[in-house]
Amino acid sequence: MGLFDFLKKGEQKPVEQPKTGAAKDSTGGFFNQGQAAGQPAAATGMDTYTVKSGDSLSKIAKNFYGDAMQWKKIHEANKDQISNPDLIQPGWVLKIPKQ
């Protein structure tokens, strides 16, 4: 059976969801709610977000908080990783404090 044979027969093949617990946000980046460095959500009070190309702290803040000016919260929570808030790298996993 070929890759597209099921389309010819009119069958619908279910799409498997990722089993990582990660979800895509509206900007296409990935975030894991309540998981930071292996800690349970109640212990950290943080979400995590994986930076994608074109992201900035203000864009991430706008996505999570609805206010781009809240980027400082994210910067404070990630001082160990972010030395210059204007230069974040795709692939970084940032801690996002809950409101």
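Across the chain the mean pLDDT is 75, with 56% of residues reaching 70 or more. Residues 17-22 also have a pLDDT below 50, and this stretch has 4 contacts in the model beyond near neighbours in sequence.

The model is predicted, with local features needing pLDDT of at least 70 and side-chain atom pairs counting only at pLDDT 80 or more, while totals for chains, interfaces and linings use all residues. Residues are numbered from 1 along each chain as its sequence is written, and side-chain values use heavy atoms, with hydrogens and water left out.

The largest nonpolar core has 11 residues, namely Y49, V51, L57, I60, A61, Y65, I74, I82, I88, L94 and I96. Such a core is a set of buried Ala, Val, Leu, Ile, Met, Phe, Trp, Tyr and Cys residues joined through side-chain atoms within 4.5 Å, where buried means under 20% relative accessible area, exposed means over 50% and partly exposed lies in between (1.4 Å probe, protein chains only). At least two residues of this core come from each of α3 (57-65) and β4 (93-97), and α3 gives the most, with 4 residues. Helices (H or I, at least four residues) and strands (E, at least two) are DSSP runs numbered from the N terminus. In soluble globular proteins, nonpolar side chains tend to be buried together.

The whole structure contains 1 aromatic pair, in which the rings of Y49 and F64 have centres 5.9 Å apart and planes at 85°, so that the pair is edge-to-face. Rings of Phe, Tyr and Trp (its six-membered ring) pair if their centres lie within 6.5 Å, with planes under 30 degrees apart counted as stacked, over 60 as edge-to-face and the rest as tilted. This pair links distant parts of the chain, with Y49 in strand β3 (residues 46-50) and F64 in helix α3, 15 residues apart. Y49 is buried, with a relative accessible area of 1%, whereas F64 counts as partly exposed at 21%.

Leaving aside residues up to four places away in sequence, Y65 touches Q70, K73, I74, I96, P97 and Q99. Of these, K73 lies over the face of Y65, at 4.8 Å from the ring centre; a charge sits over a ring if NZ of Lys or CZ of Arg is within 6 Å of the ring centre and within 35 degrees of the ring normal.

A search of the whole structure finds 4 salt bridges, each a side-chain nitrogen of Lys or Arg within 4 Å of a carboxyl oxygen of Asp or Glu. The table lists some of them, including the bridge between D80 and K95.

| Salt bridge | N to O distance |
|---|---|
| D55 and K52 | 4.0 Å |
| K79 and E76 | 3.6 Å |
| D80 and K95 | 3.7 Å |

The D80 and K95 bridge links distant parts of the chain, with D80 in the loop between α4 (71-77) and β4 and K95 in strand β4, 15 residues apart. D80 is exposed, with a relative accessible area of 67%, while K95 is partly exposed at 26%. In the bridge between D55 and K52, D55 is buried at 13% and K52 is partly exposed at 26%. As for K79 and E76, K79 is partly exposed at 46%, whereas E76 counts as exposed at 54%.

Terms used: Contact = heavy atoms within 4.5 Å. pLDDT = per-residue confidence, 0-100.
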